[in-house]
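Here is a short report on one protein model. Look at the sequence and the fold, then read on.

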Amino acid sequence: MSTNETNLALGRSFHQALVSGDWDGIRALLHDDATWTLPGDNTISGTAEGADAVVERAQLIASYGLDFELLHLLVSRENMALSLHNTARREDAVLDEYLATVCRLRDGKIASIETYLSDVPGMNAFFV
């Protein structure tokens, strides 16, 4: 399997584990020192440091009832990214954002994740 195919498979596995709530599956894709950085000023913003903290971040995000629609899997020479459309609704807020979740890879696992958002103010209003 080529590097691109391997990286695409890793991206598919990450998305599937997120959608299905397979937290052990996400953990298996991460290096122990993995990080996940999100913009904004809310309960999910900032940098989660360490694989367990990254999994906790994924659990927290999923606990808000998001639909993680995968638009595209993207690869570079050494890394991969997920292009997503995330939506959710509750009585007092609606989330409707496009994002790129960029995963830097090392030795076939995720070393760091950085998420880029289309609507940081909307994210701040939703994740209170």
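How much space lies in the largest cavity? About 130 Å³ lies there.

## About the model

This is a predicted model: local features need pLDDT of at least 70, side-chain atom pairs count only at pLDDT 80 or more, and totals for chains, interfaces and linings use all residues. Residues are numbered from 1 along each chain as its sequence is written, and side-chain values use heavy atoms, with hydrogens and water left out.

## The cavity

Rolling a probe the size of a water molecule over the atoms shows where empty space is left. On a 1 Å grid over the protein atoms alone, a cavity is a set of points where a 1.4 Å probe fits but cannot get out. Its volume is the space filled by probe spheres set on the points, which are joined across faces, edges and corners. The structure holds 1 cavity of 30 Å³ or more.

The lining of the largest cavity has 17 residues (each with an atom within 4 Å of a point). W36, L38, I61, N86 and L99 lie nearest the centre. The elements that give two or more residues to this lining are α1 (3-20), β1 (30-38), β4 (80-90), β5 (93-106) and β6 (109-117). Helices (H or I, at least four residues) and strands (E, at least two) are DSSP runs, numbered from the N terminus. β5 gives the most, with 3 residues.

What kinds of residue make up the lining of the largest cavity? There are 13 nonpolar, 3 polar and 1 charged. Here Ala, Val, Leu, Ile, Met, Phe, Trp, Tyr, Cys and Pro count as nonpolar, Asp, Glu, Lys and Arg as charged, and the others, Gly among them, as polar.

## The nonpolar core

A nonpolar core is a set of buried Ala, Val, Leu, Ile, Met, Phe, Trp, Tyr and Cys residues joined through side-chain atoms within 4.5 Å. Buried means under 20% relative accessible area, exposed over 50%, and partly exposed in between (1.4 Å probe, protein chains only). The largest nonpolar core has 34 residues, and L30 and I110 touch the most other members. Two or more residues of this core come from each of α1, β1, α3 (51-62), β4, β5, β6 and α4 (120-126).

Which residues does L30 touch, not counting residues up to four places away in sequence? They are A51, V54, V55, K109, I110 and I113. Contact means heavy atoms within 4.5 Å.

## A buried asparagine

N7 lies in helix α1. Its relative accessible area is 6%, so N7 is buried. Leaving out residues up to four places away in sequence, N7 touches V75, E78, N79, M80 and L105.

## Salt bridges

How many salt bridges does a search of the whole structure find? It finds 4 (a side-chain nitrogen of Lys or Arg within 4 Å of a carboxyl oxygen of Asp or Glu). D33 and R106 form one of them, at 2.9 Å, N to O. D33 lies in strand β1 and R106 in strand β5, so the pair ties together parts that are 73 residues apart in sequence. D33 is partly exposed at 47%, and R106 is partly exposed at 35%.

R27 and D32 also meet in a salt bridge, at 2.7 Å, N to O. R27 is partly exposed at 27%, whereas D32 is exposed at 59%. A network of salt bridges links R27, D32 and D52. R90 pairs with D92, their closest N and O atoms being 2.7 Å apart. R90 is partly exposed at 25%, and D92 is exposed at 62%.

Key. 1 Å grid on protein atoms, 1.4 Å probe; cavity = no way out; pocket = protein on both sides within 12 Å on 5 of 7 lines; lining within 4 Å.
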